[in-house]
Amino acid sequence: MSNLILIIDFGSQYTQLIARRVRESGVYSVVKSNSISKKELFDLNPAGIILSGGPDSITLKKKNNLSKNILNLNIPILGICYGMQLITDFFKGKVKSSQKKEFGHAIFNIGKSSKLFYGLKKGKNLNVWMSHSDKVIQLPKGFESLGSSSNTKFAAMYSSEKNIYCLQFHPEVTHTDNGKNIIENFLFRICACKKSWTTKNIINDIINNIKIQVSNKKVILALSGGVDSTVVAALLNKAISKKLTCIFINTGLMRKNEVSEVKENISKKLGIKLITIEASTIFFNKLKNIRDPEKKRKIIGATFIRIFEREAKKLKNIDFLAQGTIYPDVIESSSIGSKSEVIKSHHNVGGLPRDMKLKLVEPIRLLFKDEVRKIGKSLGIPSSLIERHPFPGPGLAVRIIGDITKEKVEILQDVDSIFIEELRNHDLYNKISQALAVFLPIKSVGVMGDQRQYNYVVALRAVKTIDFMTATVSEIPYNILNKISTRIVNEVTGVARVVYDITSKPPGTIEWE
Ligand code: XMP
C-alpha cells in the first residue's frame, strides 16, 4: 500500500481544496478524473480514496462505470456530497432530488460515535458547509447513519464492514467546524496513512527526481521571475547546478522595472547564473494586430519556445527545458470529469507546440502554490519574492484588450506600478491574492486643467482567492481607491478614467482575457 490518497473528481469546485487539505495534513494526494481506469487505479495503489462532490444528479445521469471498479475494492473510501449519493445509489439505498436546496451554512448533529468523528462527542452540533439539492432518503443495506442536519436526515453514514464513510457536508471548506480533524481522522485512523508529505521530504524527492531525469544532460530554465520559476531555478541549482542555464526572456510585456528586478533577485540574491535575452521587438512584431486572446497566448507560447530552442542550440547539447508549471495548471488544462472545459490555454501547458524538440523538466508540476511558497522559503528565497502576486506567462498581453502596441504597454506598466505601490503603502498587498490593471481600448472624455481630454480607460482588479479557481473581489476602501485613481489620471499620460472591477470568479476569470 502506498501512502497516497486518491481524489476522484466529479466536477466539484472544491476538489482541489480537498487535495490541498490532505497534503496540509502531511499526506500526498492526487486528483484524477472520474474516468480513471482500473489499471491506473491499481498502479496508484492508494491508501484511501475520496470521492468529490459534483454538479450532477445521480437520479438523472447514467451511473458512472467507476463505481464497479472501486466501491468493492476494500480500500477505505470517503464520499463527499455527490460522492455520498453515488455510493448510496450503488449499494441500493435511495437518493431523492429535492426542490429545497441546502446551500451554505447548516448545523450538523453527530448522531453516532465513529472513527471519522474521533475526538468529537456524540450529540455535538457542528457548523458545516453544505451545497446540495439531492439527498439520501434511505440508507443502503449495511450502512448506519452518523448524523443529521435540520434538512437532511442522513447527513453522514458509514459501513464498518466496507470501510466506507460518507458526508453530505464539505469538511474541506474552512467554514466547517472541525473539518480538518474529520479529514485527518479519515487519513490517519481509517486509512492508516503516515505523515510523510513534509517540505523537507518534498524537496529531497524533487531533487532526487531531477537528478534521475536529467542525469548528465544539460537544462535550460525558462525563468519569468515569478515565484514558480524562481523556486524551480533554486531547486535545479541545488540538484544540477553546473548543468543549468537560466534564461530570462524580456518579452517587452513585463511589469515596470521587472527586468532589472529579476536580474537582481536571481543573479545577485540567489547567485544563480542567468542569461537575459532581449526579445521585445520579436514579440511586438508577432503580436501586431492580433486581438484574439487565445491567439495571443498561442503566439506568445510558441515564440517563447522557439527562442529557447534557438538559445539551446547556441549553448549546444541542451536536452531539457525546465518550466514552473504547477498542479492547478495541470488540472485546469486537462479536462477533469464533467465540469472542466479548457477555459484558457495556460501557455505553460496548453500552448506548447507539438513539434517541440526539447524535453520538459517540470519539478513542481504536482505542487500547489502554497506548497511552492513553503519550499521557496525553505530554500532561502527572499519573502518579498515569495509573496509576489502571480503574473501570467503571456504578461501584459492578456491585460491589454485588443491589439498590443508599445504605447499601450507603457501606459499599463505605469498604471500597474502606481496601483501596486499604493497597495503596498496601505499594507494591502499581502492581504490581496492578486491585483492587476487592464488596458481598455476605449476612449472617454474628461477634463484636466480646463482642457478637454479624450483618453483611454483602465480597469483595476484585486481579488482574494485560495486556489485561483474561484475568487472574490477585494474590498479596497473607497478612499484608497480614490487616491489610486487620482494618481493614475494625474500621473499617467493617456489615461482619462479608472474603473474598479467588481466581478467574482466565476463568472469572471481573474485576467480579463
Ligand atoms: P484566470 O484568468 O484563468 O487566472 O482566472 C487564474 C490564474 O492564472 C493566471 N493566468 C495565467 N498564467 N499563463 C499563465 O502562466 C496564462 O496564460 C494565464 N492566464 C491566467 C492568472 O494570472 C491567475 O493567477
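This is a predicted model: local features need pLDDT of at least 70, side-chain atom pairs count only at pLDDT 80 or more; totals for chains, interfaces and linings use all residues.
Visitor: Which bridges join β1 to β3?

Guide: There are 4 bridges between β1 and β3, which run parallel, and I5 has G48 as its bridge partner in β3.

Visitor: Why is strand β1 described as largely enclosed by the rest of the structure?

Guide: Buried means under 20% relative accessible area, and 6 of the 6 residues of β1 (residues 4-9) are buried, so the strand is largely enclosed by the rest of the structure. Both faces are covered, with L4, L6 and I8 buried on one side and I5, I7 and D9 buried on the other.

Visitor: What makes β2 and β7 the edge strands of the sheet?

Guide: The open sheet of 9 strands has the order β2-β1-β3-β4-β11-β10-β9-β6-β7, with mixed pairing, and β2 (28-33) and β7 (125-132) each pair on one side only. For β7, 8 bridges join β6 (residues 102-110) to this strand in an antiparallel arrangement, where A106 stands opposite V128.

Visitor: How do you know that helix α4 packs on the sheet, and which strands does it touch?

Guide: Contact means heavy atoms within 4.5 Å, and helix α4 (residues 82-90) touches β3 (48-51), β4 (77-80), β7, β10 (156-159) and β11 (164-167), its direction making about 115° with that of β4.

Methods:
Residues are numbered from 1 along each chain as its sequence is written. Side-chain values use heavy atoms; hydrogens and water are left out. Two strands pair if DSSP finds at least two bridges between them. Helices (H or I, at least four residues) and strands (E, at least two) are DSSP runs, numbered from the N terminus. Axes are lines fitted to C-alpha atoms, for helices over the stretch in contact, and angles run from 0 to 180 degrees between N-to-C directions. Buried means under 20% relative accessible area, exposed over 50%, partly exposed in between (1.4 Å probe, protein chains only).
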